[in-house]
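Please look over the sequence and the fold below.

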Amino acid sequence: METRQVTMVASLLVLAFLRSGLSWGASADKPWGPMSEIEKAARKEGRLTIYAAPGHVSADAQQAIGPFFKERYGITIDWTTLSARDISPRVIAEQATKQYVADVAMSGIAGNYTELKPRGYVLPILAPSTLEKGVWRLDPTIATPKDRDWLYIFMPLYPSFFINTSLVRPGEEPRSYQDLLSPKWKGKIVLQIPWSGGTGSGWFRATYKKLGLDYMRALANQVALVRNVTDSADEVARGQFPIGISAETTRGQQLVSQGAPVKFLQPKEGSHLAALGMELIPNAPHANAAKLFINWFYSKEGQSLYAVKNLVISVRKDVPQDHILPDMRYIEGAPFMMPEAEDFTAQGSQEFTKVAQQIFDRGTK
């Protein structure tokens, strides 16, 4: 009798869990659907709120995607642009107080996913478009393949070096990370702080284990640190520093197109892949609109519009790179540095933050 009761209780718990829409691990054979029903419900919701860090969705991209999505589906996108470090506190507060606003977050690993994931504040993303085969330049699920609750939104491949061509002559350009340790570059290299969300954090995660602790300690004596994600690119363009590490690519390309004396360089060790992605937030007020948007976003149509307007490389290889500067395009099959799987966990993130601060924290501008 007791055994049957225990079995019945267990069965009811499992049934309740499945009905809740949660998952122990996403399954690629059970995508959202049918999308026609999701679209119908999304149109009734009529709105969608997206929290996005500046490097994830530029103003140009927002201004292009919003009207397109409204015209196509009758859904208004309310964009809320927040610094990378401000997204997770807001989502956490909304979930804790049950005052739900965010439907989707476009945010990085360091300051957001690793804060939201342990609290259960991200959901699996099973959009049919993300389950297509053979179309990916970078599989958006590569960081969290089992859970599928954080997906790359583009291929954020950073050439790593940003050079002021008026201050650095062609024969003197650094061609490798070792070149940055030359005494002539001491105090002449700028980097965004590598222990918070942003390009500095993404760069550190991708390169630390490859370049090694001793190298990072030596580099720390060479660089000046800035807080804001676009500052390193701007300060190189203004001539305050001849070299920047991991300058924000959207801002860097804007400066190049404006005629600033700057260019990107790829070191011989290879470019690095930053961790910029998408999350589906639980208890979303517009859950169907969120699913519809994500499915569209990862389609060829969505990626084609987004990549061009955000000046980035699409995760889809069927989206051309014509809008990207020639020296920033990805050569199919070329190697690059990226964070390892364990670096996307909360524990891994805490360890990286601790190590980065110990190495680099000598005061920031």
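## Terms and basis

Contact means heavy atoms within 4.5 Å. Helices (H or I, at least four residues) and strands (E, at least two) are DSSP runs, numbered from the N terminus. This is a predicted model, in which local features need pLDDT of at least 70, side-chain atom pairs count only at pLDDT 80 or more, and totals for chains, interfaces and linings use all residues. Residues are numbered from 1 along each chain as its sequence is written, and side-chain values use heavy atoms, with hydrogens and water left out.

## Helices α2 and α10

On the α2 side, Met35, Ile38, Glu39, Ala41, Ala42 and Glu45 make contact with α10. Their partners in α10 are Ala287, Asn288, Ala289, Lys291, Leu292 and Asn295. The axis of α2 (residues 35–45) comes within 7 Å of that of α10, and the two cross at roughly 125 degrees. Axes here are lines fitted to C-alpha atoms, for helices over the stretch in contact, and angles run from 0 to 180 degrees between N-to-C directions.

α2 and α10 are therefore oblique to each other. Angles under 35 degrees count as roughly parallel, over 145 as roughly antiparallel, 65 to 115 as roughly perpendicular and the rest as oblique. The crossing of α2 over α10 is left-handed: the near helix is turned anticlockwise from the far one by less than a right angle, whereas clockwise would be right-handed.

## The β2-β1-β3-β12-β4 sheet

Five strands form an open sheet in the order β2-β1-β3-β12-β4, with mixed pairing. Its edge strands, β2 and β4, each pair on one side only. Two strands pair if DSSP finds at least two bridges between them. β1 (residues 47–52) and β2 (residues 76–81) are parallel, with six bridges. Leu48 faces Ile77 in β2. The chain reaches β2 from β1 through helix α3 (residues 59–73), in a right-handed β-α-β crossover. That is, with the strands pointing away from the viewer, the path from the first strand over the helix to the second runs clockwise.

Thr49 stands opposite Asp78 in β2. Helix α4 (residues 84–97) lies across β1, β2 and β3 (104–108). α4 runs at about 135 degrees to β1.

## The β8-β7-β9-β6-β10 sheet

Another open sheet of five strands has the order β8-β7-β9-β6-β10, and its pairing is mixed. β8 (223–226) and β10 (262–265) are its edge strands, each pairing on one side only. Neighbouring strands of this sheet are turned by 25 degrees against each other on average, direction ignored.

β6 (residues 161–164) and β10 run antiparallel, joined by four bridges. Ile163 is opposite Lys263 in β10. α9 packs on the sheet and touches β6 and β10. The direction of α9 makes about 135 degrees with that of β10.

## Buried sites

Buried means under 20% relative accessible area, exposed over 50%, partly exposed in between (1.4 Å probe, protein chains only). In helix α11 (residues 300–310), the buried residues are Gly302, Gln303, Leu305, Tyr306, Ala307 and Asn310. Their cover includes α3, α9 (249–257) and α10 (287–297). Just after α11, Leu311 has a positive phi of about 55 degrees.

Thr144 sits in the loop between α5 (109–116) and β4 (151–152). Thr144 counts as buried because its relative accessibility is 7%. Leaving out residues up to four places away in sequence, Thr144 touches Tyr113, Asp149 and Trp150.
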